[in-house]
Amino acid sequence: MRIKISAVILSLVSLLVLCNPAESRPVQIAKPVRQKPFFIAPKVDRRVELLSIVARLAEFEEYSGNDFKLYVDEVNRHFAKYKQHAVVQQMLKVRQQNGVGFDAVMNMAVHLSPPPELAPRVAFTDKIPDRRWGKADAEEFTRLLRQFYKDADCENFFKAHSELYNTAEQRFQQLLNKVDFDWYKRFYGEVPGGTFNLYIGLLNGGGNYGPKVVHPKGEEDLYAIIGTWQMDKEGMPLYNERLLSTIIHEFNHSFINHLVYANEAALKNAGEKIYPPVREKMQKLAYGNWQVMMLESLVRAAVARYLFEHEQESANKEVIQQRNIGFLWMSELFALLGAYENNRASYPTFRSFMPMVIGYFNDYAKRITLDAKNFEDLTPRVASLAPFANGAQDVDPTITRLTFTFDKPLDPKGGVSINFGEGGREHFPITKVVGYNETGTTFTVEMQLKPDWQYEFALTGIAFKTRDGYPLQPYTVKFKTRK
C-alpha cells in the first residue's frame, strides 16, 4: 500500500488550525542549542565491553548471545573463572531487586570514566545513572567493578584485542559513511549541545541503546550504542545496509528525547489516554510507559521522514511497519512532520513545532479507542485448518498437506513468516511451502509426520498481510499424531 500522503497532510494542516496550542497544558520550551556540524565516528569502548562482560557473567539473557562467536569464545576463555566475583554477585542482586538490565547496563557504562579509574563522571543519585540502580547500589557496584578490572586482568584482555576492535570500527565506518548526517540539521533546524558518540557493542547482539550523560551545567553527552549480530564467512563483524535504519533511528533520539522531556507535562494527558489501548503491543517492544511510547513515536516518524527524502518507497513501508507493531497513528504523525517540513518559515526548528505536536496528540487521544478497534477489525485471522482442526490429538500421520483458510484475502506476494514452536525444529513438521490459492484466501504447506508425536509452529504477521498491509493475527498451530 502506498500512503496517501498529500491527503493526510491536508487534513492535518486543518487540524493544526483547529488545535490551538494555547489550549494544551503549558509548554516548557527546551533551551536553545548551539549550531555546529554533526558527524561522528564509531568506536569500540572499553566501558561498554566491560559492562557487557559482567552482565554476561551474571547470565543476563540480553547480554548472553553468541552472534560474534570468535569474540565470545575469547571472552569465555578469559573470564569464565571470574563468574563468582563479587561484582557479578552485585549485578545479580540489582537485577533481582531492582530490575537492572538492557539499557540500565549501558547507562552505567557511559556514566563512568575510562578504566582503570572507572569513577562516576557525574555524582550518582537515586536516578543517576539510572533509577533502577539507586545511589547506594551504583556506588557499591563501581567499587567492585574497579576491583574486577584488576582481578580479571581486563587491561591486557582489551589490549590483546585492539586489532579486532580496530577492524570492527573500520567496517562500521564504511557503513556510517552512507548516513546523510546533514539531514539532521536540515530537519531539526539545530543540533543539541554536547557531544555525540557511536559505540559498537560487540557482545550486545541485537540490542541497541541510546543513553546520555547530563552534566551539572546542562550539557549532554549523547550515545548510540549499536549491537553486533551479523558475521561474514570468517566470523568477523559485518555491518551492512540493513543496519542503516537502526543507526538513523538511534541518532534521532539525540534530537528528540530532550524535547519530549521538556514537554512531558503537556504530553502527559494525551499519553496516558493513548497508551492503554496499545499497551500489550508496546510491552512486547519493551516500552513500559507512555513517555517511552511518545519518544519512540516521534523518533520512528522522523526515521520515516529521513527515508522519504532519500527513498520514498522505503518510507511507505516504514510507516506501515510501525503502524502494524502498535503505533497506530504513524501515518498521521508522519504526515504531520511533513507539514512541519513544508512550513519552515513558521517553524524554523522542530523545537518551535512541538506545540503543534502536543496539539495533535491531544486530538488523537480522543480517537485512539476507535482507531484501535478499527485496526483490529481490519487485521486478518486464520478461520480454519484442513484436513484436521487445530489442537487435534489423533491426527493421521500419513497426512502430507495442511491448508489454512483466512477470514480476509492475503497478499500472495507478501511472503511467508512461520516460526518454530516451543519444541523447536524437532517438533516442526513443515517441509515445503505450496503457497496461496488465486484469491489469497487459503495457504497450503507440505508436511512430514511421524506417529505419536507433538507438533507446534506459528504463523505471524511479519510477512502474512492483506494487500493493503494489515498483518495476520499471530496464530499458533498445535497437534499430535496418533500411534
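I started at Phe 404, which stands opposite Phe 443 in β9. Before going on, I noted that this is a predicted model, where local features need pLDDT of at least 70, side-chain atom pairs count only at pLDDT 80 or more, and totals for chains, interfaces and linings use all residues. Residues are numbered from 1 along each chain as its sequence is written, and side-chain values use heavy atoms, with hydrogens and water left out.

**Strand β9**

I looked up the partners of β9 next. Strand β6 (residues 401-406) pairs with β9 in the antiparallel sense over five bridges. Strand β8 (residues 430-436) also pairs with β9, antiparallel and over five bridges. For the record, two strands pair if DSSP finds at least two bridges between them; strands (E, at least two residues) and helices (H or I, at least four) are DSSP runs, numbered from the N terminus. Across from Glu 446 in β9 I found Lys 432. The hairpin of β8 and β9 has five residues between the strands, and Gly 440 there takes a positive phi near 80°.

How many of the six residues of β9 are buried? I got five for this strand, residues 442-447, so-called mostly covered. My cut-offs: buried is under 20% relative accessible area, exposed is over 50%, and partly exposed is in between (1.4 Å probe, protein chains only).

**Aromatic pairs**

I counted 44 aromatic pairs in the structure. The one I opened is Phe 79 with Phe 157: ring centres 4.9 Å apart and planes at 70°, so edge-to-face. Phe 79 sits in helix α3 (residues 69-79) and Phe 157 in helix α7 (residues 154-160), so this pair ties together parts that are 78 residues apart in sequence. The rule I used takes rings of Phe, Tyr and Trp (its six-membered ring) as a pair if their centres lie within 6.5 Å; planes under 30 degrees apart are stacked, over 60 edge-to-face, and the rest tilted.

**His 161**

I then moved to His 161, in the loop between α7 and α8 (162-176). His 161 counts as buried, at 9% relative accessibility. Leaving aside neighbours within four places in sequence, I see His 161 in contact with Tyr 71 and Glu 74 (contact means heavy atoms within 4.5 Å).

**Charges over rings**

Arg 95 lies over the face of Phe 60, 4.0 Å from the ring centre. Lys 450 does likewise over Trp 453, at 3.8 Å. I required NZ of Lys or CZ of Arg within 6 Å of the ring centre and within 35 degrees of the ring normal.
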